[in-house]
There are 2 protein chains.
Amino acid sequence: MKTIVIVAHPQLEDSGTQRFLKEATTSLKNVERHELNINKKGHFDTAAEKELLKRKGRIIFQFPLYWYSAPAILKQWMDEVFDITDAAWLQEKELGLVVSLGQPLREYRLGGREGLSLSNLLSPFQAFAQRLKMQMMPLFIIEQFIYQTEEEHQELLIKYQQFLELPIDFSFDQCQSWFEDKLKEIMEKSSIEDRKNLKMLLDSFGERHEQLNELKREVSLIRREDGYYGE
Amino acid sequence: MKTIVIVAHPQLEDSGTQRFLKEATTSLKNVERHELNINKKGHFDTAAEKELLKRKGRIIFQFPLYWYSAPAILKQWMDEVFDITDAAWLQEKELGLVVSLGQPLREYRLGGREGLSLSNLLSPFQAFAQRLKMQMMPLFIIEQFIYQTEEEHQELLIKYQQFLELPIDFSFDQCQSWFEDKLKEIMEKSSIEDRKNLKMLLDSFGERHEQLNELKREVSLIRREDGYYGE
C-alpha cells in the first residue's frame with residue numbers, strides 16, 4: 001500500500017517539527033510527501049492534485065493546530081479538490097491526521113485550559129472521511145516537539161514511520177517484521193565490516209522474534225484456559 | 001452596540017442566501033457588512049481588518065458550511081488577523097455564527113446521515129471565542145434557504161435582523177420595542193397619507209405592547225403564587 005502525506009504549513013521552512021518529519025520519510029519507499037502550495041492565481045490545480053491521490057491507499061493530512069483547526073491552506077485544498085458528487089474514487093482509502101501542538105495535550109480535555117478534546121475539535125475530518133466512505137485512522141498527535149528530549153524524538157521517529165507504513169491496528173508480529181526490514185535496509189547501505197555486525201544483530205533479532213511469537217501464543221493459550229480475556 | 005458581519009463565501013454573487021441576508025441588513029444603521037477578499041498577494045491587510053473590528057461590540061461570522069467547517073477564506077482571515085499574544089482588545093466582544101446549510105439540519109445529530117451535531121463540528125469557534133474571552137452567541141442556522149417558503153423567508157428576515165441587533169437572550173419587552181422602532185423607521189420614509197395609517201398602527205401596537213407587558217406581569221405573579229416555575 002502506498003501512502004501520501006499532504007503537508008499543510010504556512011511557514012514550512014521555519015518549522016523544526018516539519019523538518020524532522022520530512023527527514024523521517026526520506027528512507028520510506030512507499031511514502032510520498034506533498035507540500036501544499038497554491039499557484040500564482042491563488043488556487044490549486046484540481047486535476048493534478050486528484051491524480052496524486054489516486055494511486056494511494058492511505059492519505060495523511062499533516063499540519064500544526066492553528067486556532068483549533070487546520071491551517072487555511074488545507075481547508076482551501078479540501079474545498080477545491082474534493083467534490084461530493086465525484087467521490088467514489090476515495091472509497092476505502094484510509095485517512096490519517098498528524099497534528100502538532102504548541103500546547104500540552106492535557107489542555108485539550110474537560111476542565112483543561114481549552115476545555116475541548118482534539119477528537120471534538122477535529123470532528124469535521126471525521127465527518128469528511130465518513131461522507132467519502134474513507135476509513136479514519138487513530139489521531140497521531142505530536143505534542144510540543146521543541147520541548148521533547150532526544151530520546152522522545154527517537155521514539156517519535158519510529159512511531160511516525162510505523163503510522164505511515166504499518167496497517168491500522170498492526171500486530172506484534174507485523175511490528176517485529178517491520179524492524180527487521182529496517183535493519184536489512186540499513187545493512188544494504190553499510191560497509192562490508194558493518195554488514196557483518198548488522199547480520200549478527202539481524203539473526204539474533206530474528207531468533208528472538210520467533211521466540212517472542214512463541215511466547216505470545218503460549219500466553220494467549222494460558223489466558224484462554226483460565227477464562228481470562230483481559231479487562 | 002455596533003455589529004460587524006464578516007461574510008465568507010467563495011462565490012458570493014451566486015448565493016441566493018447571501019443576497020437575501022445582504023438585503024436584510026441595508027436598513028440596519030448599526031450593522032456593517034464586510035465581505036472577505038484577499039489582496040493580489042493572496043493575503044489580508046491585517047491592520048485594516050483589525051481596525052474594522054475595534055469599534056464593534058458584536059462580531060458575526062457568516063458563511064455556508066463547506067466540508068463541515070467554514071470556507072477556507074474565513075480560516076485564512078482568522079489565521080492572519082488574530083494573534084493570541086495580542087488579544088486583549090477582543091475581550092468582552094460577542095461572537096456569533098450565521099451558518100447556512102445545503103442539507104436539512106436533522107442530518108446533523110446522532111443517527112442522522114452526518115452523525116455529528118453542528119455544535120460539535122463548529123466547536124473550534126467555541127474554543128476560539130473562549131480563548132479570546134469573547135462571549136459566544138447561540139448558533140444561528142439557515143437551513144436549506146432555497147427550499148423555504150416566502151413565509152419562512154419573512155420569518156428568517158426578522159429573526160436574522162434581531163440576531164444582529166438585539167441583546168443575547170432579549171426580553172419580550174425588548175422585542176416589542178424593536179418592532180415599534182422598525183415601524184417608526186418605515187413611517188419616516190413614507191408618504192403623508194401612509195404615515196397617517198402607520199401612525200394609527202403604531203399607536204395600537206404601542207397600546208397592545210403595554211397591555212401585553214401588563215398581562216405578562218400578571219401571569220408571572222400568578223405562577224409565583226402557585227409555586228409554578230415552569231418545567
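Which side chains meet in a salt bridge at 2.6 Å, N to O? I looked this up and found Glu114(B) and Arg131(A). I keep in mind that this is a predicted model.

**Entry: charges and polar pairs.** I then checked how many salt bridges cross between chain B and chain A, and the rule gives 2. For polar contacts across this interface, I get 16 residue pairs, with both residues at pLDDT 80 or more. I asked which elements of chain B give two or more residues to the side that touches chain A. They are helix H3 (72-81), helix H4 (118-121) and helix H5 (123-131). H5(B) gives the largest share, 7 residues. I sorted the residues on this side of chain B by type and got 15 nonpolar, 8 polar and 6 charged.

**Entry: extent of the interface.** I counted 29 residues of chain B in contact with 29 residues of chain A. I noted a buried area of about 2400 Å² between the two chains. Carbon and sulfur atoms give 58% of that area.

**Entry: helix H6 of chain B.** I turned to H6(B), residues 150-165, which has 16 residues. I find that H6(B) reaches 23 Å from its first C-alpha to its last, close to the 22 Å expected at 1.5 Å a residue. I listed the buried residues of H6(B): His153(B), Leu156(B), Tyr160(B), Gln161(B), Gln162(B), Phe163(B) and Leu164(B).

Technical notes: Residues are numbered from 1 along each chain as its sequence is written. Chains are lettered from A and ligands numbered from 1 in the order in which they are written. This is a predicted model: local features need pLDDT of at least 70, side-chain atom pairs count only at pLDDT 80 or more; totals for chains, interfaces and linings use all residues. Side-chain values use heavy atoms; hydrogens and water are left out. Contact means heavy atoms within 4.5 Å. Buried area is the accessible area (1.4 Å probe) that two parts lose on being put together, summed over both. A salt bridge is a side-chain nitrogen of Lys or Arg within 4 Å of a carboxyl oxygen of Asp or Glu. A polar contact is a pair of N or O atoms within 3.5 Å; within protein, one must be able to donate a hydrogen and the other to accept it, and residues adjacent in sequence count only if both atoms are side-chain atoms. Helices (H or I, at least four residues) and strands (E, at least two) are DSSP runs, numbered from the N terminus. Ala, Val, Leu, Ile, Met, Phe, Trp, Tyr, Cys and Pro count as nonpolar, Asp, Glu, Lys and Arg as charged, and the others, Gly among them, as polar. The expected span of a helix is 1.5 Å times one less than its number of residues. Buried means under 20% relative accessible area, exposed over 50%, partly exposed in between (1.4 Å probe, protein chains only).
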